[in-house]
Amino acid sequence: MAHMTNPLATPDQLYQRRSFSALPAELQDAIFYSTQCLTQAAGVLLQLPQSATAKANVVLARYWLVEPLISHEFSDISAAAIYLIAKVGPSPRSPRDVCNVYAYLTSTSSSFFRSPTIPPPPNNPSSYYLSESAYQAFHNRILAAEARILYALSFNTHVALPHPIAITYLQALNFLGIRKDKISKRVVAYLNTALLSPQMLYLTSQPNELAVAAIYNAAKDIGAKMPECEWWEVFDVDREVLGFLVVAMRGVEVWAKKMREVVPAMTEGMIRRSHIEQEMKKRGLHVGNGHEVGVAGDILDPEDEMARRMDERMAEIERGT
């Protein structure tokens with residue numbers, strides 16, 4: 001049964017991610033939500049199956065559980081996650097395709113994350129054209145980020161998705177007397193929405209729990225008649241867990257609308273690391289999320305910084321002798 005379960009985040013990991021980060025909670029959530037949406041949009045343009053894109057979302061969330069959010073450009077980490085998952089799956093995509101898609105989504109010509117109240121931006125091919133040097137630079141960043149993701153996750157990229165489990169549960173419930181495609185699409189929509197939740201539902205709940213919560217929400221929306229007994233216990237889900245997930249899944253849309261007001265950059269295209277750094281400076285906060293910052297404003301890797309200091313120390317010792 002190991003292939004049907006996922007490793008879950010520990011309370012200590014969740015606490016450290018929130019408490020030991022220099023980023024305010026709303027900026028952390030804005031980065032997570034925007035990058036997960038970017039990953040979904042890239043999966044659509046790359047014509048990847050939703051199962052591959054969803055796995056990339058989960059791998060990205062796991063990576064950010066143990067690594068600082070601002071250690072890399074957000075679009076680079078997203079591209080690395082989707083490239084990695086596609087490569088080990090049945091639908092690999094070339095680095096050139098991945099780079100082209102992300103160059104477009106993060107360009108000024110893309111309508112991604114643009115406010116629907118304003119006209120779409122004009123299509124300017126030069127804004128997302130990648131020269132050979134720009135492609136090589138982007139490609140190298142993706143490969144470096146991919147290696148970092150694998151290292152952070154100890155090369156464990158297994159992800160058990162709740163989507164097939166939910167369909168199996170619906171079959172056991174005879175689709176609650178509703179047309180199969182109608183309720184199935186609603187259930188899958190809730191499961192895909194849960195991928196975007198800053199509460200990291202896929203890292204705190206097992207697939208069977210997510211599947212039951214999605215079925216419950218879909219049945220409520222459609223008006224399907226559910227069994228009068230506590231049917232969720234048949235699928236090994238507690239009432240308390242079900243209640244939490246039902247509320248969490250339903251709250252993502254309302255939360256996202258509120259976040260667009262709190263973080264206006266979410267309506268101006270994909271959030272970049274420079275946007276977060278500018279916002280942090282406006283608030284008079286330290287930029288770096290626990291890491292030291294170089295002269296040029298680049299965040300220094302702790303291992304590289306330690307090696308540099310050791311080299312300097314050895315040079316001082318040699319000069320002293």
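Y169, W231, W232 and F235 form one aromatic cluster. The legends below describe a predicted model, in which local features need pLDDT of at least 70 and side-chain atom pairs count only at pLDDT 80 or more, whereas totals for chains, interfaces and linings use all residues. Residues are numbered from 1 along each chain as its sequence is written, and side-chain values use heavy atoms, with hydrogens and water left out.

**Figure 1. The protein chain as a whole.** The secondary structure comes to 13 helices and zero strands. Helices (H or I, at least four residues) and strands (E, at least two) are DSSP runs, numbered from the N terminus. Of the 321 residues in the chain, 47% are buried; buried means under 20% relative accessible area, exposed over 50%, and partly exposed in between (1.4 Å probe, protein chains only). Among contacts with a separation of 6 or more, 76% join residues 24 or more positions apart, where a contact means heavy atoms within 4.5 Å.

**Figure 2. Aromatic pairs.** A pair of aromatic rings is described by the distance of the centres and the angle of the planes. Rings of Phe, Tyr and Trp (its six-membered ring) pair if their centres lie within 6.5 Å; planes under 30 degrees apart count as stacked, over 60 as edge-to-face and the rest as tilted. The count by this rule comes to six aromatic pairs. In one of them, the ring centres of Y33 and W255 are 5.3 Å apart and the planes stand at 75°, so this pair is edge-to-face. Y33 belongs to helix α2 (residues 25-45) and W255 to helix α11, so the pair ties together parts that are 222 residues apart in sequence. Y33 has a relative accessible area of 7% and is therefore buried.

A stacked pair is formed by Y169 and F235, with 4.0 Å from centre to centre and 20° between the planes. Because Y169 lies in helix α7 (residues 163-172) and F235 in the loop between α10 and α11, this pair ties together parts that are 66 residues apart in sequence. Y169 counts as buried at 13% relative accessibility, and F235 is buried with a relative accessible area of 13%.

**Figure 3. A charge over a ring.** R96 lies over the face of Y135, at 3.8 Å from the ring centre. A charge sits over a ring if NZ of Lys or CZ of Arg is within 6 Å of the ring centre and within 35 degrees of the ring normal.

Figure 4. Rolling a probe the size of a water molecule over the atoms shows where empty space is left. On a 1 Å grid over the protein atoms alone, a cavity is a set of points where a 1.4 Å probe fits but cannot get out, and a pocket is an open set with protein on both sides within 12 Å along at least five of seven lines; lining residues have an atom within 4 Å of a point. Grid points are joined across faces, edges and corners, and a volume is the space filled by probe spheres set on the points. The volume of the largest pocket is about 260 Å³. Its lining has 13 residues, of which Q16, R17, L65, V66 and E67 are the closest to the centre. Helices α1 (11-19) and α3 (50-66) are the elements that give two or more residues to this lining. By class, the pocket lining has six nonpolar, five polar and two charged residues. Ala, Val, Leu, Ile, Met, Phe, Trp, Tyr, Cys and Pro count as nonpolar, Asp, Glu, Lys and Arg as charged, and the others, Gly among them, as polar.

**Figure 5. The largest cavity.** There is one cavity of 30 Å³ or more, and the largest cavity has a volume of about 50 Å³. Residues that line the largest cavity include F32, Q36, N57 and Y202. The elements giving two or more residues to this lining are α2, α3 and α9.

**Figure 6. Residues in loops.** Most residues other than glycine have a negative phi, and most peptide bonds are trans. S154, although not a glycine, has a positive phi of about 55°. S154 is placed in the loop between α6 (132-152) and α7, and is exposed, with a relative accessible area of 59%. F155 is found in the loop between α6 and α7 and has a positive phi near 65°. S205, in the loop between α9 (201-204) and α10, counts as buried at 3% relative accessibility. Not counting residues up to four places away in sequence, S205 touches L8, L210 and L245.
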